[in-house]
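The sequence and structure are shown first.

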Amino acid sequence: MSAFGSTLANTNPNRSTEVVHPPTDSVSSLCFSPKANYLVATSWDNQVRCWEVIRNGTNLASAAKAAMSHDQPALCSTWKDDGTTVFSGGCDKQVKMWPLGGNAVTVGTHDAPVKEVAWIPEMNMLVSGGWDKTLRYWDLRQQSPVHVQQLPDRCYALSVRHPLMVVGTADRNLVIYNLQNPQAEFKKIVSPLKYQTRCVAAFPDQQGFLVGSIEGRVGVHHLDDTQQSKNFTFKCHRESTDIYSVNSLNFHPVHHTFATAGSDGAFNFWDKDSKQRLKAMSRCSQPIPCSAFNNDGSIYAYAVCYDWSKGAENHNPATAKTYIYLHAPQESEVKGKPRVNTGGRKTVSNNSTAAIDGISERPGEPWETSIPIIMVGTLET
C-alpha cells in the first residue's frame with residue numbers, strides 16, 4: 001500500500017508500451033474501436049481522447065489523434081459498432097456523441113452524473129446509466145429518451161451482450177434485462193459478494209455474468225436456474241492482509257477467458273470454465289482503474305494512476321502522473337487450458353467459506369474447490 005504514490009516505484013514492471021500524451025488526471029474508462037486499433041480514454045480532467053495504436057509484429061506504438069471535452073469529469077465511453085463514433089458520459093450529466101473528425105454534440109442528459117454508456121447495435125440505440133437511478137435509451141434521431149427505466153439505486157456498472165444486459169447498482173443490486181423486452185426487469189438479485197459492486201461483465205454466450213467488488217473478489221453467476229451449481233466466487237487482488245478493489249473485468253473476444261484489473265496495480269488472466277488463473281502479471285506501483293481488449297484480443301490496454309480510493313488527502317498533484325499502457329498478450333496467457341486434476345485435494349461442503357475462498361496463488365493451478373458452490377440467494381458467512 002505504501003508504494004502507491006511513490007515517485008521511485010515502478011509503474012511499468014511488465015514492460016508494456018506506454019501510450020503517448022496521456023491524460024493529465026486519472027483515467028475513468030478505456031475502450032477500443034470494434035473495427036480498428038483506435039483507443040479512447042475518458043478522464044477526470046474532463047477530456048475524451050483518442051489514439052491510434054500501431055502494431056508492427058510484436059512491437060506496439062501509439063499516436064494521439066483527437067480529443068474533445070465535457071464540462072466536468074468524463075466517466076464512461078463506448079463506440080458505435082461501425083467504428084465511426086464515440087459516446088461518452090460524465091459528471092456534467094450529459095451524454096455526448098463524438099463523430100471522429102467532427103464536433104461532439106449532446107444527445108441526452110440525466111439528472112445526475114452519467115456513469116455508464118453502451119451502444120446496442122441490434123436496437124440501433126444507446127443506453128446510459130446514471131447516478132439519478134435511471135437507465136435511459138436514446139434514439140439518436142430525437143432529443144428525448146425513447147424509454148426511462150427506473151433502477152433500484154445509482155448505476156455503478158453496466159454490461160451488454162444482446163439480448164442480455166446486466167446492471168450493477170448501489171446497495172449490491174444486480175438487475176438483469178432481456179433487451180427484447182427492455183421495459184421490464186428479467187431478474188433482480190442481490191450480489192453474491194458482500195461489498196459494493198465495482199464492475200460487471202456479461203458472458204460472451206449471454207448465459208451469465210461476472211461481478212467484481214471492492215473486497216478483492218469476483219463472482220461467476222449463471223442465469224439459468226438449472227445451472228446454479230456452477231456459480232462460485234474467488235479471491236483476487238490481495239496481498240497478505242491488504243485487500244484491493246477489482247476495478248475492471250474484460251472477456252477476451254476470441255478465447256472467452258477474462259482479465260481482472262485492480263487497485264493493487266495488477267492485472268491477471270483467468271479461465272472461468274477450468275477455474276484457473278492463466279497468468280499473474282507483476283504489480284504496478286499505482287492502481288489500475290480500467291482496462292480493455294482490442295477487437296481481436298491481441299492488445300490489452302490498462303491505465304495506471306491514482307484511483308481516489310484514499311481521498312484527496314492522499315493525492316499529490318505535484319507528483320501524480322497518469323499512464324496508459326499497452327500489453328500484447330501471448331496466447332498462453334489468454335487461451336483456456338484443460339482443468340488440471342491435482343488429485344487428493346480435501347473435499348469440503350457446499351456451505352464452507354473455505355471452499356468459496358480457496359484459490360491457488362500459482363498460475364496454472366485451479367481454484368481449490370472440489371465441488372460446485374451454490375451462491376444464489378445466500379451470502380458468505
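A disulfide is defined here as a pair of cysteine sulfur atoms within 2.5 Å. The model under discussion is predicted, and by this rule it contains zero disulfides. Two cysteines illustrate the result, as set out in the table.

| Cysteine | Relative accessibility | Closest cysteine sulfur | Sulfur distance |
|---|---|---|---|
| Cys199 | 6% | Cys236 | 8.9 Å |
| Cys305 | 0% | Cys290 | 6.5 Å |

Because the sulfur of Cys199 lies 8.9 Å from that of Cys236, the separation is too far for a bond. The 6.5 Å between the sulfurs of Cys305 and Cys290 is likewise too far. Cys199 counts as buried, and so does Cys305.

**Nonpolar cores**

The largest nonpolar core comprises 17 residues, and those with the most contacts inside it are Val27, Leu30, Phe32, Leu39, Ile324 and Leu326. Two or more residues each are supplied by β2 (27–32), β3 (38–43), β4 (47–56), β29 (300–304) and β30 (323–327). Strand β2 provides the largest share, three residues. Beyond its neighbours within four places in sequence, Leu30 is in contact with residues including Leu39, Val40, Cys290, Tyr302 and Ile324. A second, separate core has 15 residues, among them Phe267, Phe269, Phe293 and Tyr302.

**Aromatic and charged contacts**

Across the whole structure, 16 aromatic pairs are found. In one of these, the ring centres of Phe234 and Phe258 are 6.4 Å apart and the planes stand at 45°, so the pair is classed as tilted. Phe234 belongs to strand β21 (residues 232–235) and Phe258 to strand β25 (residues 258–262), so the pair ties together parts that are 24 residues apart in sequence. Both Phe234 and Phe258 are buried. Ring pairs also join Phe267, Phe269, Phe293, Tyr300, Tyr302, Tyr323 and Tyr325 into a cluster; of these, Phe267, Phe269, Phe293 and Tyr302 are included in the second core.

The charged end of Lys272 sits over the ring of Phe203, 4.3 Å from its centre, and Lys275 lies over the face of Phe232, at 4.5 Å from the ring centre.

**A buried glutamine**

Gln149 is located in strand β13 (residues 147–150). With a relative accessibility of 8%, Gln149 counts as buried. What does the side chain of Gln149 make a polar contact with? The partner is the side chain of His147, at 2.8 Å. Apart from its neighbours within four places in sequence, Gln149 is in contact with Lys133, Thr134, Leu135, Tyr177, Pro182, Gln183, Ala184 and Glu185.

Definitions and conventions:
Residues numbered from 1 in each chain as written. Predicted model: local features only at pLDDT ≥ 70, side-chain atom pairs only at ≥ 80, totals over all residues. Heavy atoms only, no water. Core = buried A, V, L, I, M, F, W, Y, C linked by side-chain atoms within 4.5 Å. Buried < 20%, exposed > 50% of the residue type's maximum accessible area, 1.4 Å probe, protein only. Helix = DSSP H or I, 4+ residues; strand = E, 2+ residues; numbered from the N terminus. Contact = heavy atoms within 4.5 Å. Polar contact = N/O pair within 3.5 Å; in protein donor to acceptor, adjacent residues only side chain to side chain. Phe/Tyr/Trp six-rings, centres within 6.5 Å; stacked < 30°, edge-to-face > 60°. Lys NZ or Arg CZ within 6 Å of the ring centre and 35° of its normal.
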